[in-house]
Structure formats: structure tokens, C-alpha cells
Amino acid sequence: MPRILHLGVGNFFRAHQAWYTQRCPEWNITGVSFRSSSVRDHLVTQDYSYKLVIKDTLETKIETITCLDSILVMVENPEAVISAITDPLFNVITLTVTEKAYCLGPDGKLNQNDPAIREDLNGGKLTLIGTLARGLAKRKKPITILSCDNLPENGQKLRSAVKTFTELANLEIKANITYPSCMVDRITPATTDKIRLEAHDHMAVPTEEFTEWVVENDFASARPDWPNVQWVDDVLPHEMRKLRMLNGAHSYLAYAGIIRGYTFVHEAIADPILRAGAFKIMAEAAQTLPKDIQNQTKDYSAALIKRFENPNLLHRLRQIAMDGSEKLPIRIVSTITHRDKQDSPALNAAITAWISFVQKEVTEGHLLDDPRASQIAEACLSDDPDTELRNLIGAC
Ligand code: CS2
């Protein structure tokens with residue numbers, strides 16, 4: 001039976017890639033958890049199957065997902081993960097590890113001074129990039145590595161990061177490896193006790209009905225025939241549309257919404273000021289997209305607003321607000337850069353909202369959920385917090 005190795009078994013993977021793979025009965029997935037064994041410890045007691053609770057505006061559907069059938073835990077046994085990467089049993093490695101795990105600098109290349117990368121190169125704790133490089137260096141058979149994180153040109157960025165690490169660690173990769181880029185989309189909130197009760201499953205995952213996956217068709221060997229995937233030669237226009245319009249508006253709603261006292265996305269989008277702001281971000285973002293998709297952007301914005309309005313999804317603004325220093329450069333700052341000399345008041349309002357949010361959090365003594373939390377806190381307490389914070393996300 002062909003197999004996928006999936007790195008990062010969080011809710012998004014369980015709602016998106018696993019849902020597609022469930023529709024390819026001949027394919028199974030081995031998962032890898034990086035930081036803790038807790039997902040494995042729970043799923044193992046239920047044969048790794050779990051319920052997907054699909055919440056539309058009008059109805060809820062519950063599906064059982066069974067294609068995941070084992071999980072390796074990095075902190076318990078890193079060697080097992082490296083062996084899996086070399087194992088010819090796997091044809092595809094997919095990843096959902098969040099932006100920060102790539103350890104990229106502002107130029108989108110591996111940040112060679114990242115303390116975690118330095119530690120890994122010096123024989124300490126393995127990073128995601130170091131783990132992939134070490135496994136791939138031992139691999140003989142072709143394999144496809146498919147990044148499913150919200151980064152533009154995610155495949156190319158991963159390829160370049162692994163290549164740089166390989167050189168720094170004096171490793172050599174001989175196998176034929178492809179790194180197609182892809183765009184993934186399905187809004188997936190964190191699980192709540194209410195969802196667990198509703199699905200009678202401790203490991204249930206809530207998600208929306210809508211789902212989208214656009215993948216570059218560049219696979220080194222067998223691949224699943226995932227249904228409803230759009231197979232393309234160039235995914236970049238799709239990535240830009242989604243990151244700049246959906247994720248950009250999401251981040252704005254998160255920061256401006258929390259400041260205005262809201263908890264969930266559907267509450268924030270019902271506020272006329274925030275709704276207008278989200279629409280304007282999408283309009284400013286739409287103008288940066290390639291000409292041939294410009295005519296789709298009006299309908300796309302309207303569809304996004306409808307998805308944000310879903311009152312049953314209960315998507316917390318704080319979930320989106322985390323890791324702002326990683327997310328904003330990609331979804332807001334780079335859009336401003338692409339607008340060249342045109343004014344970008346709505347996109348700038350998202351940056352201002354982030355600055356107000358982090359300042360409020362720091363003033364109130366809350367620990368920020370962000371890999372650069374301490375730098376942000378320092379910037380907030382400096383003489384010129386506005387400039388310092390803008391510098392941190394490259395928005396100067
Ligand atoms: C959200 C995304 O948490 C966030 O930053 O903007 O996770 C968003 O829900 C997904 O990209 C939707 O596909």
C-alpha cells in the first residue's frame with residue numbers, strides 16, 4: 001500500500017490533507033508529531049481514527065477519518081523519523097508545521113543565525129529542516145516533499161532551506177526529490193469541549209465545509225489522486241490570492257477585533273467598521289494579483305466574507321493572532337510592497353492594529369504567543385515602540 005509521511009499532525013492536517021487522502025482508499029498516512037506525544041497518546045487509543053465535525057452555516061456533518069494509522073513522536077525517537085524519511089515505503093512527505101518551523105529570514109532563505117539551526121548544526125536538538133536534510137541525505141528512492149504551510153512559494157522555500165542546511169552540515173542528497181508548491185485552504189478552529197461532546201470523540205476536529213487545494217503537478221513518483229485538487233503548473237497566483245486576501249483580512253480582523261472586544265471571527269465581521277476594513281484589505285490585495293485572475297476577485301471577496309460570517313465555526317480571533325511577527329510580513333507587509341507607490345490605508349490599518357494589540361498585551365503583562373515574543377516586548381518598552389515594532393516585521 002502506498003504511503004504518505006506527514007510532518008505536523010495538528011488540526012489543520014486532520015481537516016485538510018487527511019480528508020482528501022480519506023478519499024484515496026489505497027493510501028495511508030504515518031504522522032509525525034514534533035513537540036509532544038499527546039496527539040499520538042490519544043489517537044492510539046482509538047486506532048488513530050477521529051471525527052471531522054464539518055460546520056456549515058446551516059448544518060453540521062460528522063465524518064470519520066481512518067487513513068492515518070500510526071504516529072511517530074520526534075522527541076521520543078528522532079532516529080525513527082529520520083529512518084521514515086529514508087524509507088522507500090513512502091512516496092510523498094507532506095508538511096503542516098507552521099511558518100516559524102522553516103526558520104527563514106526576511107529574504108525567505110534559511111536564517112543561518114537562527115539559534116535553533118545553530119544548535120542543530122552543532123549536534124543539539126534537531127530542527128525540522130535538519131531532520132529533513134539528514135533523512136534525505138540517506139535516501140535512495142525518489143520522493144516528493146509537499147509543504148502545506150501558508151508561505152508563498154512554499155515548495156521552493158523549503159527546497160532552498162533544506163539545500164542550505166545540507167551544505168552547512170556537509171551532507172549530500174543524491175535522490176531525485178521534488179518540492180512542488182501548493183495552496184491550501186480550509187478554516188479549522190481549535191477543538192473545544194463542546195465539539196468533543198457533539199462528536200463523542202476527544203480528538204474530534206471542527207472545520208468548515210469549504211475546502212481548496214491547488215497543487216503543482218511535479219511529483220517524483222506515485223502520488224495520490226486526491227479528488228477536487230486543482231493540479232497546476234504554477235501555483236503562485238493562487239497562493240497570492242489566498243494569502244493576501246483571506247489571510248491578510250483574517251489577521252486584520254484578529255487584531256482589530258480583539259482590540260474592539262470581540263472573541264470570534266463571525267463577531268468581528270459583523271462590526272460595520274471591521275467589515276469595511278476587511279473588504280478594503282481584500283480590494284487593496286486584489287489589485288496586486290495577476291491580471292488574468294483580477295476578474296475573480298470580487299466573487300472571491302464575497303465568498304470569503306460569507307465564510308467569515310459562519311456563526312457555527314466559532315473561530316477564535318486569538319488563534320489567528322498568534323505568531324504575528326511571522327505572519328504579517330507574508331500576508332500584509334509584502335502586499336504593501338507589491339502595491340508599489342499606491343497608498344494602502346487598509347493594509348496599514350492592519351499593521352497599526354497589530355501594534356496596538358501587542359502593546360496592550362505587553363502592558364497588561366500577558367505573554368505573547370509569538371516566536372519573537374521577547375523582542376516584541378522589548379520593542380514595546382523602547383523609546384520609539386512604533387518604529388521598533390515596524391522594523392520587526394519589515395514594515396518601515
Ligand atoms: C488563519 C489561517 O490562523 C491563521 O493565521 O489565517 O489558519 C486560516 O484559517 C487558514 O489559512 C484558512 O485556510
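**The ligand and the spaces in the protein**

Modeller: The ligand lies between domain 1 (3-234) and domain 2 (237-392), because both domains give residues to the shell around it. The model is a predicted one.

The shell around the ligand consists of Asn150, Asp185, Arg186, Ile187, Lys242, Asn247, His250, His315, Gln319, Ile320, Lys327 and Arg331. Sorted by class, these are five charged, five polar and two nonpolar residues. In the side chain of His250, an N or O atom is 2.8 Å from a ligand oxygen. For the side chain of Asn247, the corresponding distance from an N or O atom to an oxygen atom of the ligand is 3.0 Å. Arg186 takes part through its backbone, with an N or O atom 3.0 Å from an oxygen atom of the ligand. The ligand taken alone exposes 340 Å², and the protein buries 89% of that area. Two or more residues of the shell come from each of helix 9 (236-259), helix 14 (317-321) and helix 15 (324-338). Helix 9 makes the greatest contribution, with three residues.

Some of these residues also line cavities. Across the whole structure, a search finds two cavities of 30 Å³ or more. The largest cavity has a volume of about 50 Å³. Asn150 and Lys242, both in the shell around the ligand, are among the residues lining this cavity, together with others including Asp149, Cys182 and Glu239. At least two lining residues come from strand 9 (182-185), and at least two from helix 9. The lining comprises five nonpolar, three charged and two polar residues. Since domain 1 (3-234) and domain 2 (237-392) both give residues to this lining, the largest cavity also lies between them.

The second largest cavity holds about 40 Å³ of space. Helix 10 (265-270) and helix 13 (297-309) each supply at least two of its lining residues. By class, five residues of the lining are nonpolar, three are polar and one is charged.

Finally, the second largest pocket has a volume of about 240 Å³. Its lining has 15 residues, of which Thr192, Ile195, Phe264, Leu313 and Leu314 are the closest to its centre. Helix 8 (residues 193-199) provides the largest share of the pocket lining, three residues. Each of domain 1 (3-234) and domain 2 (237-392) contributes at least three residues to the lining of this pocket.

Note on methods: Residues are numbered from 1 along each chain as its sequence is written. This is a predicted model: local features need pLDDT of at least 70, side-chain atom pairs count only at pLDDT 80 or more; totals for chains, interfaces and linings use all residues. Side-chain values use heavy atoms; hydrogens and water are left out. A residue is near a molecule or strand if one of its heavy atoms lies within 4 Å of it. A polar contact is a pair of N or O atoms within 3.5 Å; within protein, one must be able to donate a hydrogen and the other to accept it, and residues adjacent in sequence count only if both atoms are side-chain atoms. Accessible areas come from the Shrake-Rupley method with a 1.4 Å probe; for residues, only the protein chains shown count as cover. Helices (H or I, at least four residues) and strands (E, at least two) are DSSP runs, numbered from the N terminus. Ala, Val, Leu, Ile, Met, Phe, Trp, Tyr, Cys and Pro count as nonpolar, Asp, Glu, Lys and Arg as charged, and the others, Gly among them, as polar. Domain bounds come from an automatic or database domain assignment. On a 1 Å grid over the protein atoms alone, a cavity is a set of points where a 1.4 Å probe fits but cannot get out, and a pocket is an open set with protein on both sides within 12 Å along at least five of seven lines; lining residues have an atom within 4 Å of a point. Grid points are joined across faces, edges and corners, and a volume is the space filled by probe spheres set on the points.
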